[in-house]
Amino acid sequence: KTDDFLLSEIPDYICLGGMLKATPKTERASRILYLEASNEDIDRQNEIVLQKALSDSADYYLRHGNIDISHFSLIGPKAGVPDYMAYEIGKPVAVKVDGKRTFVKAELYQGESPMAKNANIVWESLTKQTPPARWYASVGGSVLSKAIKTDENGNRIAVVDKVRWNNTALDRCPVNKTVGEVSTVPIGVFAKSLNGFVLKGLSSGYETDSALLTGGEAL
């Protein structure tokens, strides 16, 4: 069953590094999440995604992209994930690039339909339990161009400079290990006008197997 598969993929919830006392953000009864989707730190695959690449693809992402769990809506057909489209849990509504970081404002599905089932699980894991669950964002799509560069220590690093961005996943330990935790209140550029804050967190453990991503990959 879809919910059994989901629960088998999610480890035990762990304590939030600093307890956050805030009211979840809703707009017209919508369920809103704020994500640090990407930055220009070197990720677990020894790559850097230039934020300009995401900025250039932002219009495409807002029109065609989705929010899901662990990229299952992308890798589902090849990985044999049952009812893989049920892991689509929402859609992006805004993208903001702030220097070397990219933030996404997302709206989660709600209701009684099968498509909202996992969205309900994610939302409740953040708002109806103490401590709230840790989720991190991971951008996905197609790499259209990248170059190999050498850093000051002689290490070769892949720099992704052009993408077709069409997915952002919520994951426990994404490919980019330095993105902040998903928040139910504004963070980054979304918080500046509200004198808000950026919620940062550490991650450890395992990341999505990008080898399964055909025609789209964790960036």
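Analyst: Start with R134, which is buried, with a relative accessible area of 16%. Note that this is a predicted model. R134 forms a salt bridge with E181, and the closest N and O atoms are 3.4 Å apart. This pair links distant parts of the chain, 47 residues apart. E181 lies in the loop between β8 and α6 (189–192), and R134 in the loop between α5 (114–127) and β7. E181 is buried too, at a relative accessible area of 3%. With under 20% counting as buried, both E181 and R134 fall in that class.

The whole structure holds 3 salt bridges. Another one joins K146 and E47, whose side chains meet at 2.6 Å, N to O. K146 sits in strand β7 (residues 136–150) and E47 in strand β3 (residues 47–49), so this pair ties together parts that are 99 residues apart in sequence. E47 is buried, with a relative accessible area of 9%. K146 has 44% relative accessibility and counts as partly exposed.

The salt bridge between D56 and K52 is local. Its closest N and O atoms are 2.8 Å apart. Both residues lie in helix α2 (residues 51–56). They are 4 residues apart, about one turn of the helix. D56 is exposed at 54% relative accessibility. K52 is exposed as well, with a relative accessible area of 57%.

Now the rings. A search of the whole structure gives 2 aromatic pairs. Y61 and W165 make a stacked pair, with 3.9 Å centre to centre and 5° between the planes. Y61 belongs to helix α3 (residues 58–64) and W165 to strand β8 (residues 156–171), so the pair ties together parts that are 104 residues apart in sequence. Y61 and W165 are both buried.

F72 and Y87 form an edge-to-face pair, at 4.9 Å centre to centre and 80° between the planes. F72 is in helix α4 (residues 72–79), while Y87 is in the loop between α4 and β5 (88–98). They are 15 residues apart, and the pair links distant parts of the chain. Both F72 and Y87 are buried.

One charge also meets a ring. R172 lies over the face of W135, at 4.2 Å from the ring centre.

Next, the strands around β5. Strand β4 (residues 66–69) pairs with β5 in the antiparallel sense, over 2 bridges. Here I67 stands opposite G90 in β5. On to strand β6 (residues 101–108): 8 bridges join it to β5, and the two run antiparallel. K96 has F103 in β6 as its bridge partner. The hairpin of β5 and β6 has 2 residues between the strands. In this hairpin, G99 takes a positive phi near 65°.

The secondary structure comes to 6 helices and 9 strands. Of the 219 residues, 48% are buried. Among contacts with a separation of 6 or more, 72% come from residues 24 or more positions apart.

Conventions:
Residues numbered from 1 in each chain as written. Predicted model: local features only at pLDDT ≥ 70, side-chain atom pairs only at ≥ 80, totals over all residues. Heavy atoms only, no water. Phe/Tyr/Trp six-rings, centres within 6.5 Å; stacked < 30°, edge-to-face > 60°. Buried < 20%, exposed > 50% of the residue type's maximum accessible area, 1.4 Å probe, protein only. Lys NZ or Arg CZ within 6 Å of the ring centre and 35° of its normal. Pairing = 2+ DSSP bridges. Contact = heavy atoms within 4.5 Å. Salt bridge = Lys/Arg side-chain N within 4 Å of Asp/Glu carboxyl O.
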